[in-house]
Amino acid sequence: MPTGWPSRCARSRRTHALERPRARTPDLNALIAAADLSLSLGDLSGAASLYARAEKVSASDPRIKAGEGAILVRSERPGEALRYFAQAEAAGYDARGFAA
């Protein structure tokens, strides 16, 4: 495979995922998918922005807190991340999603 292929593929998926949230009524799943992809690409500020938009659509979705916790881990703020992970778990998110 050519050099850089996986990152181009991930960027293409993120671009596709970002197209859906531009609609008038934001799609929660599309926003979270785009945020997750941004996070996987190391774009912490982009991921944070997308999780914030998703939170406006559904503040109670535990995937948002789990994603925000992951941002904090990558920002070397594990104590704060634990609070977000605890909130996600309390809201029904499977801890195996962020404990790995």
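Tutor: Let us begin with a term: a nonpolar core is a set of buried Ala, Val, Leu, Ile, Met, Phe, Trp, Tyr and Cys residues joined through side-chain atoms within 4.5 Å. Please keep in mind that this is a predicted model.

Student: What makes up the largest nonpolar core here?

Tutor: Its 12 residues are Leu28, Leu31, Ile32, Ala34, Ala35, Leu39, Ala47, Leu50, Tyr51, Ala54, Ile64 and Ile71. At least two residues of this core come from each of α2 (28-40), α3 and α4. The greatest contribution is that of α2, with six residues. In soluble globular proteins, nonpolar side chains tend to be buried together.

Student: Why is Asp61 called buried?

Tutor: The cut-off for buried is under 20% relative accessible area. Asp61 has a relative accessibility of 11%, and therefore counts as buried. Asp61 is placed in the loop between α3 (44-57) and α4 (62-74). Beyond residues up to four places away in sequence, Asp61 touches Leu28 and Ile32.

Student: Why does Ser58 count as buried?

Tutor: The value for Ser58 is 19%, and buried means under 20%, so Ser58 counts as buried. Ser58, too, lies in the loop between α3 and α4. With neighbours within four places in sequence left aside, Ser58 is in contact with Leu28 and Ile64.

Student: Why are the buried residues of α5 said to line one face of the helix?

Tutor: The buried residues of α5 are Ala81, Phe85 and Ala88. Seen down the helix axis, they fall within an arc of 55 degrees, and therefore line one face of α5. Their cover includes α4 and α6 (96-99). The face turned away from the buried side carries Leu82, Arg83 and Ala90, which are exposed. Just after α5, Gly92 has a positive phi of about 110 degrees.

Student: What is found for the span of α2, and which of its residues are buried?

Tutor: From first C-alpha to last, the 13 residues of α2 reach 18 Å, close to the 18 Å expected at 1.5 Å a residue. The buried residues of α2 are Leu28, Ala30, Leu31, Ile32, Ala34, Ala35, Leu37, Ser38 and Leu39.

Student: What is found at the start of α2, and what follows this helix?

Tutor: At the start, a side-chain oxygen of Asp27 comes to within 3.0 Å of the backbone nitrogen of Asn29. A polar contact requires the pair to be within 3.5 Å. After α2 comes Gly42, with a positive phi near 85 degrees.

Student: How many helices and strands does the chain have, and what share of its residues is buried?

Tutor: The chain has six helices and zero strands. Of its 100 residues, 32% are buried.

Methods. Residues are numbered from 1 along each chain as its sequence is written. This is a predicted model: local features need pLDDT of at least 70, side-chain atom pairs count only at pLDDT 80 or more; totals for chains, interfaces and linings use all residues. Side-chain values use heavy atoms; hydrogens and water are left out. Helices (H or I, at least four residues) and strands (E, at least two) are DSSP runs, numbered from the N terminus. Buried means under 20% relative accessible area, exposed over 50%, partly exposed in between (1.4 Å probe, protein chains only). Contact means heavy atoms within 4.5 Å. The expected span of a helix is 1.5 Å times one less than its number of residues. A polar contact is a pair of N or O atoms within 3.5 Å; within protein, one must be able to donate a hydrogen and the other to accept it, and residues adjacent in sequence count only if both atoms are side-chain atoms. The arc is that of the directions from the helix axis to the C-beta atoms.
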